[in-house]
Amino acid sequence: MITLSPEPVMMGGVSARNHLVLAAGVLGTCASSLSRMLRSGAGAVVTKSIGPEPRFGHPGPCLVVLEDGLMNAMGLPNPSKQFQDELSALSGEPVIVSIFGGNPEQFHEVAGWFADKAQAFELNVSCPHASGFGAQIGTNPDIVKACTEAVKEWKKPAWVKLTPNVTDITSIGKAAEEGGADAIVAINTVRAMRISTGMRRPVLGNKYGGLSGKAIFPIAVRCVYELYEACSIPIIGCGGVSCAEDVIEMMMAGAQGVEIGSAIVRDPDIFSHICKDLYAPDGISPREIVGCAHG
Amino acid sequence: MLLMGYLPGKLWGVPMAEGLPVTVTITKVVKESPGVTTVFFDREFESCIGQFVMVWVEGTDEIPMALSYKNAITIQRVGDATTRLVAMKPGEKLGIRGPFGNGFRLHGKILAISGGAGTAPLLRVGLECPDVTFLMGARTADELIFHKMLTEKCDVRVATDDGSAGFHGYVAGLLDEISLDEYDTIVVCGPDPMMRSVLSVLQKRSSLEKSQFSMHRYMKCGVGVCGSCCMDPDGLCVCRDGPIFSGLSLQNSELGKYHRNAAGLKEK
């Protein structure tokens, strides 16, 4: 297997310890769990998505573990502005604050709360199951561009996380690029549903949810590949990455780094385990493989 | 990760159950006290004592509950889902995910210490283990649960806040008459302030190493992903690293100081 040389990583304006970033929504609500992930080898961490008002999220069940992935509908629970207190405990660490809003003004306001503490922002325009937020914003290129511009007013790196639940993901990627995004993160979860045959009802409290994990890795690779052809800003691959080989494959599709989330459910020390396999003193530079599958 | 104060040997709980919720049918509903009800269902879940399940009350919510028996949960009415649960009738259905979490490590002579509905997760300790002393606290005599059943199996001592049964005061006060050296395992479950005061007593009497506390926090996923139940300062997930924690690992924790609500906001 290909290994990479351990070297300082700069991706999308973020200085990270390695190419593996904790994805938004996973162990990201408090400083203590985020620093736990950094201690266990994450190169950077993305927080839980923070929005304009505190939210309790959807009624349960909010998540089920499937054979090859997770299906969830958390409903964007978050402490809103009070997340500032948690972030204070992480100053100096590679922390990317995920934010959401219902319009460009709200994105601007929420980003402003964390502008002096975050190393970068990740715009959640892709959560597939929260009314008025997420993918309802992120399927419209004009709104994505406007939200990105609004956040960029704070002069911080801005990553834009895209939904795969669109006909053409490149039109949204290009909109983010035009809005001044420093990187595109692809992809968020794939809209999904399971029904409990015993209860004769959808299993999630919100009925609809998002599928993540190994099951969506091929979709994520395809999206990264398409975006690499269409856009020129860096891409962070996200969706089902669960071993070092997956990281290499994402890079070949065009990703400069990856985000990892659902794989935590099988292996809480996933970051240190992937690092062990991915990096070697005689490894090659990622520059040699990023996008190499495009010929 | 040496900072993590887990029970020795297991770094991240036991392998977890997977899949969609299992549908069970309620077979029996037993009122244990004015505020506490046990709901039995038609399926036993193989589980370690101390593990929990996520209980789906269709149309309302899904909540974490300890298994009081392999085929039952014992509910204190506190919110929407528990209010629905205690009103359910035999024949109605629930969805169960789990069991999840790590469970107690039980050996030798056991001291069980419970407060209020915290007796339920310890019930099987008293019923299944051979040599148990059970210290049980409640606000009033009416609110003692499983008292008669446990008295037939083990040495039960009672404390009530109003003195209507047993020792007049908190359950931690009963520890004065207990020689802790005699016990190999100490298990504790109850409201946060009660567990913190028991922890303080055990700390003073150098018995924390053999103590295990059953923690409760707001949960969404139950499998160590969403982070709703993480505790400070180590970022431990109650659902996956716990719910049973060594007293040693809780000394400097948030226990008894605050917890986070569904939005992740700290509450006293």
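How many nonpolar, polar and charged residues are in the lining of the largest cavity? The tour reaches the reply at its third stop.

This is a predicted model, in which local features need pLDDT of at least 70, side-chain atom pairs count only at pLDDT 80 or more, and totals for chains, interfaces and linings use all residues. Residues are numbered from 1 along each chain as its sequence is written, chains are lettered from A and ligands numbered from 1 in the order in which they are written, and side-chain values use heavy atoms, with hydrogens and water left out.

**First stop: the annotated domain**

Select residues 13-278 of chain A, where UniProt, in an unreviewed entry, places the feature "domain: Dihydroorotate dehydrogenase catalytic". UniProt annotations may be inferred rather than shown by experiment. Over this range the chain is 32% helix and 21% strand, and the end C-alpha atoms are 22 Å apart. Helices (H or I, at least four residues) and strands (E, at least two) are DSSP runs, numbered from the N terminus.

Select C127(A), listed by UniProt under "active site" in an unreviewed entry. This residue is found in the loop between β8 and α4 (135-138) of chain A. C127(A) counts as buried because its relative accessibility is 7%; buried means under 20% relative accessible area (1.4 Å probe, protein chains only). Residues up to four places away in sequence aside, C127(A) touches L76(A), F133(A), G134(A), A135(A) and N188(A). Contact means heavy atoms within 4.5 Å.

Next select N188(A), in the loop between β10 and β11 (190-192) of chain A. N188(A) is also buried, with a relative accessible area of 12%. Not counting residues up to four places away in sequence, its contacts include N124(A), C127(A) and K161(A).

The unreviewed UniProt entry places the feature "binding site" at K48(A), N72(A), A73(A), M74(A), G75(A), L76(A), N124(A), N188(A) and T189(A). From this set, K48(A) and M74(A) belong to the lining of the largest cavity. A cavity is a set of points, on a 1 Å grid over the protein atoms alone, where a 1.4 Å probe fits but cannot get out; lining residues have an atom within 4 Å of a point.

The largest cavity holds about 90 Å³ of space. Among its 14 lining residues, T29(A), P77(A), C226(B), S228(B) and A262(B) are the closest to its centre. By class, the lining has six nonpolar, six polar and two charged residues. Ala, Val, Leu, Ile, Met, Phe, Trp, Tyr, Cys and Pro count as nonpolar, Asp, Glu, Lys and Arg as charged, and the others, Gly among them, as polar.

Now select G75(A), which lies in the loop between β6 and α2 (83-88) of chain A. G75(A) is buried, with a relative accessible area of 0%. Leaving aside neighbours within four places in sequence, G75(A) is in contact with R55(A), G57(A), H58(A) and H129(A).

Finally, select G180(A), which follows α6(A) and has a positive phi, near 100 degrees.

Key: Buried means under 20% relative accessible area, exposed over 50%, partly exposed in between (1.4 Å probe, protein chains only). On a 1 Å grid over the protein atoms alone, a cavity is a set of points where a 1.4 Å probe fits but cannot get out, and a pocket is an open set with protein on both sides within 12 Å along at least five of seven lines; lining residues have an atom within 4 Å of a point. Grid points are joined across faces, edges and corners, and a volume is the space filled by probe spheres set on the points.
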